[in-house]
Amino acid sequence: MNNQKYQYSYNINESANEEDFFVCCKLIEKNLPGVKKEKLLIDVDGSLIQIYHYANKKIVIFDDYYVDAVYINSNVKLDAIIGRKSIY
């Protein structure tokens, strides 16, 4: 998306999957009190991008049809919230 660096990255699904994308969105919204959500972005290929801001940090969830995956790039550790470990 851009050259911004993220501390954490989570692979959610090896294929684009709208249901998994929205499950991740709901987990973030439910478990991070005070999280701020931007308007849902929809790319020309149907990919979905949801950006959140929490404690002056950014969380971006992708349902990416070009890459064919659902993944999260974040500066907030989300291991306990989404039940997965970051790939870095």
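Trainee: How do β1 and β6 pair, parallel or antiparallel?
Mentor: Antiparallel, over 5 bridges. Keep in mind that this is a predicted model.

Trainee: Which residue stands opposite S74 in β6?
Mentor: Y8.

Trainee: And how many bridges join β5 to β6?
Mentor: 6 bridges, and those two strands run antiparallel. D64 stands opposite A69 of β6.

Trainee: What about the hairpin of β5 and β6, how many residues sit between the strands?
Mentor: There are 4. Look at D68 in that hairpin: its phi is positive, near 60 degrees.

Trainee: Is β6 mostly covered or mostly open?
Mentor: Mostly covered. Of its 6 residues, 6 are buried.

Trainee: Which way do the β6 residues point?
Mentor: A69, Y71 and N73 point one way. V70, I72 and S74 point the other way. Both sets are buried.

Trainee: Let's zoom in on N73. Where is it found?
Mentor: In strand β6, residues 69-74.

Trainee: Why does N73 count as buried?
Mentor: Because its relative accessibility is 14%, and buried means under 20%.

Trainee: What does the N73 side chain join up with?
Mentor: The side chain of S9, through a polar contact of 2.9 Å.

Trainee: Which other residues does N73 touch?
Mentor: Setting aside residues up to four places away in sequence, N73 touches Y6, Y8, S9, K58, I59, V60, F62 and Y88.

Trainee: New topic. Which residues touch the most other members in the largest nonpolar core?
Mentor: I28, I59, I61, I72 and L78. That core has 18 residues.

Trainee: Which elements give two or more residues to this core?
Mentor: β1 (8-13), α1 (18-31), β4 (48-54), β5 (57-64), β6 and α2 (79-82).

Trainee: Which of them gives the most?
Mentor: α1, with 4 residues.

Trainee: Back to L78. What is it in contact with?
Mentor: Y10, I28, L32, I59, I72 and G83. That leaves aside neighbours of L78 within four places in sequence.

Trainee: Remind me, which way do A69 and Y71 point from β6, and which way does I72?
Mentor: A69 and Y71 point one way, along with N73. I72 points the other way.

Definitions and conventions:
Residues numbered from 1 in each chain as written. Predicted model: local features only at pLDDT ≥ 70, side-chain atom pairs only at ≥ 80, totals over all residues. Heavy atoms only, no water. Buried < 20%, exposed > 50% of the residue type's maximum accessible area, 1.4 Å probe, protein only. Polar contact = N/O pair within 3.5 Å; in protein donor to acceptor, adjacent residues only side chain to side chain. Contact = heavy atoms within 4.5 Å. Core = buried A, V, L, I, M, F, W, Y, C linked by side-chain atoms within 4.5 Å. Pairing = 2+ DSSP bridges.
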